[in-house]
Amino acid sequence: MKILYTIAIFSLSFYAVLASPHVIKDDDYPITEQPLSKIAIHRSVLALHNEASVKASPTILGLKGQDIEWVTVVLTHPKPSNDDWIGVFSPARFNASTCYYETDDSMQQVPYICTAPIKYAFANYSNPGYAKTGKSTLKLQIINQRADFSFALFSGGLSNPKLVAYSNFISFANPKAPLYPRLALGKSWNEMTVTWTSGYNINEATPVVSWGVIGERAMLSPAGTRTFHQNSMCDSPARTVGWRDPGFIHTSFLNNLWPNTKYFYKMGHKLANGTYIWSKKKYSFTSPPYPGQESLQRVVIFGDLGKAERDGSNEYMDYQPGSLNTTDQLIKDINNIDAVFHIGDIVYSNGYISQWVQFTLQVEPIASVVPYMVASGNHERDVPGSGSFYDGNDSGGECGVPAETTFYVPAENRAKFWYSADYGMFRFCVADTEHDWREGSEQHAFIEKCLASVDRKNQPWLIFAAHRVLGYSSDYYYALAGSFAEPEGRESLQKLWQKYKVDIAFYGHVHNYERSCPVYEEQCVKSEKSHYSGTVNGTIHVVVGGAGAHLSKFSEINTTWSLYKDLDHGFVKMTAFNQSSLLFEYKKSRDGKVYDSFTISRDYKDVLACVHDGCDPTLF
């Protein structure tokens, strides 16, 4: 039962909160992949010390149009400890006057801080001698998130936080600015969508995109506006301490694009007085090729990247090196990438909504240049009793809402995250493993339609992608279960993969890299390892879930279908040279070098050829 309490407020410059008796169960804040979940903010008590202080500078950020700045935080504490930490709160008055939380008569605490910080760092991060001197200076990276910021010093560690001091407020010069564009393929080949975040609702300003061919006159296209609210969340922490207003998310559809043409664009908002607020940067993208067009086409695919911080804050389970290395390798190679598919476990926000906008800043140098296509994973969707196929709370109560709102996908129903996408010679059939995929389900019918409807003469490279492993994986826990994949995954789908001759099936969820042979019914159908030619009589299954999250160990069982395993962070790049030649490369994120690869060479007749369980009926 959720109860809305009105909370009395201290008359301090930062509003400390006193609450009616209440309780939050400890298991509402599991220690998962989200570092903010380690903070027991619901246990905070007030312990202000007159001689402790926190000062943040500069007070006004973004005076030159920047959407990210380094802030210096100077702190002093007369009773320091290595458990002291700084929390960054936004909005700055981090104790709102109303809070949602769980009730239980067994636990009572006052005062109550009802909002988790957006990031944190230990006070001794930059000064190992802090516990002796009581002085430290931190450099923290702050991004524009439509609200002001304050910095609070806590003692007692993360599990028993005691608020000791709080800083002055700082803010961006234009907190409502249009920011963090992310491109996505539309429902037709000649359409690109632009999605961005701002602080402007439609009653304040009209969202638009100015765009056109470089060197020609710009056009204006309207944009739709969406958001979501606290009562859109399905459970805590998303509905309680993890909640943060996401702002307004706008999507514009740029139509009738010429193939392989470079376009510029910028996002803006037309105010009531007729003036425009534009993004400070002009962006550009190259439009998709016509389906079947033979040109160089390069697609990157990975899963489980996660949001990371460049200032050392929020570090937990060694996430940040992998995530940032992958991000930076893609940025470095962006001129040689045409599209990106991120197949689930996007942010690992796990109910801490502030992390979504921070992730859009992290991938902006990629997503603003090439279409950034996402899929739904357990950390986006799963909440007990919410209609997800699995009954855990891996999404931290988000139940898919932030994912389907923050990123556009060309699905018929974005709450059901399955869709098809065409890019030149590629057809992608993207499944949603957090909804039923088994035979007889709505999604199973979609998957078959997506696979069956592609013209393999013009789009020879048929790709299946999903978050959880529905095919093959030597993951330790899958091996313990004896399934080497999600139960019923292969049983439900392998007939379709074989019938429609799927070239490669990609999965995330398992945080490592593994490639199988071309396989059908657990048997390799080709003996080659680095080059494949001739008939398509089996599907290559690839686990590519090691983009950033903590790594998953392999089973010691050596399966006959597994060709290459790597316990490291990395991603895959596919390059289609023409309708007969494809290059597959697995690259490590640490250095961008190729560690596994193969090529496919074949003719159209090889796709048409009759194979076991993959023959069209004949009259005689």
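Q: What makes C610 and C615 a disulfide?

A: In this predicted model, the sulfur atoms of C610 and C615 lie 1.6 Å apart. A disulfide is a pair of cysteine sulfur atoms within 2.5 Å, so C610 and C615 form one. Residues are numbered from 1 along each chain as its sequence is written. Local features need pLDDT of at least 70 and side-chain atom pairs 80 or more, totals for chains, interfaces and linings use all residues, and side-chain values use heavy atoms, without hydrogens and water.

Q: Why is the link of C610 and C615 called right-handed?

A: The torsion about its S-S bond is about 85 degrees, so the disulfide is right-handed.

Q: Is C610 buried or exposed?

A: Buried means under 20% relative accessible area, exposed over 50%, and partly exposed in between, with a 1.4 Å probe and protein chains only. C610 has 57% relative accessibility, so C610 counts as exposed. C615, at 37%, counts as partly exposed.

Q: How do you know that C429 and C450 form a disulfide?

A: Their sulfur atoms are 2.1 Å apart, and the link is left-handed, with -95 degrees about the S-S bond. C429 sits in strand β27 and C450 in helix α7, 21 residues apart.

Q: Why is C429 called buried?

A: The relative accessible area of C429 is 1%, so C429 is buried. C450, at 4% relative accessibility, counts as buried too.

Q: What makes C524 partly exposed?

A: C524 has a relative accessible area of 34%, so C524 is partly exposed. Its disulfide partner is C517, which counts as buried at 1% relative accessibility.

Technical notes. Helix = DSSP H or I, 4+ residues; strand = E, 2+ residues; numbered from the N terminus.
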